[in-house]
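This report goes through a structural model from single residues up to the whole chain. Please keep the sequence and the model in view while reading.

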Amino acid sequence: MSQLTIGKLADAGGVGVETVRYYQRRGLLPTPVRGGPPDTGVRRYGEGEVRRLRFIRSAQAAGFTLEEIGELLELDATDDRARARELARVRIGALDAKIAELVQAREGLARLARECGAGSAGPCPILTAFEG
């Protein structure tokens, strides 16, 4: 891949330019030096930065925090499988807890919908359930 501007890098990673800059400030993405003439001082990014940006986005989609992603990126360099596996296990536990919470919320809402559909007199249970 040819050298990319920050805008093209952001497009390739499916994020905005400010997100790329934020990741750079957090130390998740390197900030390349500005090129000299004829580049007129524009920073250029390569395929490695595109892969890294996509890794960050994928890890976020899996629920990892930026701190955990930073650690995963460091582990990539050291090949520490045990720590990577531990981070994944912790994330799986958090996802399992979130799934259980969502299932419980779904079941509660389904119950309220059934009660609302029963057609009894008075206000709809869905509306009264969220009044506090």
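## Isoleucine 126 and helix H6

Isoleucine 126 is found in helix H6. The model is a predicted one. Beyond its neighbours within four places in sequence, isoleucine 126 is in contact with Leu112, Ala113 and Cys116.

A second distance places this residue relative to an earlier part of the chain. Isoleucine 126 and alanine 61 are 65 residues apart along the chain, and their C-alpha atoms are separated by 31 Å.

Glycine 122 sits in the loop that lies between H5 and helix H6 (125-129). Is this glycine buried or exposed? Glycine 122 is exposed, and its relative accessible area is 58%. Between the C-alpha atoms of glycine 122 and arginine 43 there are 65 Å, with 79 residues separating the two along the chain.

## Helix H3

Helix H3 covers residues 47-61, which makes 15 residues. From its first C-alpha to its last, H3 reaches 21 Å, close to the 21 Å expected at 1.5 Å a residue.

Which residues of H3 are buried? They are Glu49, Val50, Leu53, Ile56 and Ala59. An α-helix has 3.6 residues a turn, so residues three or four places apart point the same way. The cover over the buried residues of H3 includes helix H1 (6-13), helix H2 (17-25) and helix H4 (66-78). Just after H3 comes glycine 63, with a positive phi of about 100°.

## Helix H4

The 13 residues of H4 should span 18 Å at 1.5 Å a residue, and the end C-alpha atoms are 19 Å apart, which agrees. The buried residues of H4 are Leu66, Glu68, Ile69, Gly70, Leu72, Leu73 and Leu75. Among the elements that cover these buried residues are H2, H3 and helix H5 (81-117).

Leucine 72 and glutamate 74 can be taken as a pair of examples. Leucine 72 is found in helix H4, and glutamate 74 lies in helix H4 as well. Leucine 72 is buried, with a relative accessible area of 13%, whereas glutamate 74 is exposed, with a relative accessible area of 59%. The 13% of leucine 72 falls under the 20% limit for buried residues, and the 59% of glutamate 74 falls over the 50% limit for exposed ones.

What does leucine 72 contact, leaving aside its neighbours within four places in sequence? The residues in contact with leucine 72 are Phe55, Phe64, Ala84 and Leu87. Leucine 72 and leucine 95 are 23 residues apart in sequence, and the C-alpha to C-alpha distance is 18 Å. For glutamate 74, the C-alpha atom is separated by 9.5 Å from that of leucine 28, and these two residues are 46 residues apart along the chain.

## The whole protein

The protein has six helices and zero strands. Read from the N terminus on, the elements run α-α-α-α-α-α. The radius of gyration is 23 Å, well over the 14 Å that the globule rule gives for 132 residues, so the protein is more spread out than a compact globule. Along the principal axes, the C-alpha atoms fill a box of roughly 80 × 40 × 25 Å.

Of the 132 residues, 25% count as buried. Among contacts with a separation of 6 or more, 46% are accounted for by residues 24 or more positions apart.

## Surface and charge

The protein exposes about 8900 Å², and carbon and sulfur atoms supply 55% of that area. How far apart are the mean positions of the positive and negative charges? There are 20 positive and 18 negative charges, and their mean positions are 4 Å apart.

Key: Residues numbered from 1 in each chain as written. Predicted model: local features only at pLDDT ≥ 70, side-chain atom pairs only at ≥ 80, totals over all residues. Heavy atoms only, no water. Helix = DSSP H or I, 4+ residues; strand = E, 2+ residues; numbered from the N terminus. Rg over C-alpha atoms; globule rule 2.2 N^0.38 Å. Buried < 20%, exposed > 50% of the residue type's maximum accessible area, 1.4 Å probe, protein only. Contact = heavy atoms within 4.5 Å. Areas by Shrake-Rupley, 256 points an atom, 1.4 Å probe, with all protein chains shown as cover. Lys, Arg positive; Asp, Glu negative; His and termini not counted. Charge placed at Lys NZ, Arg CZ, Asp CG, Glu CD. Expected span 1.5 Å × (residues − 1).
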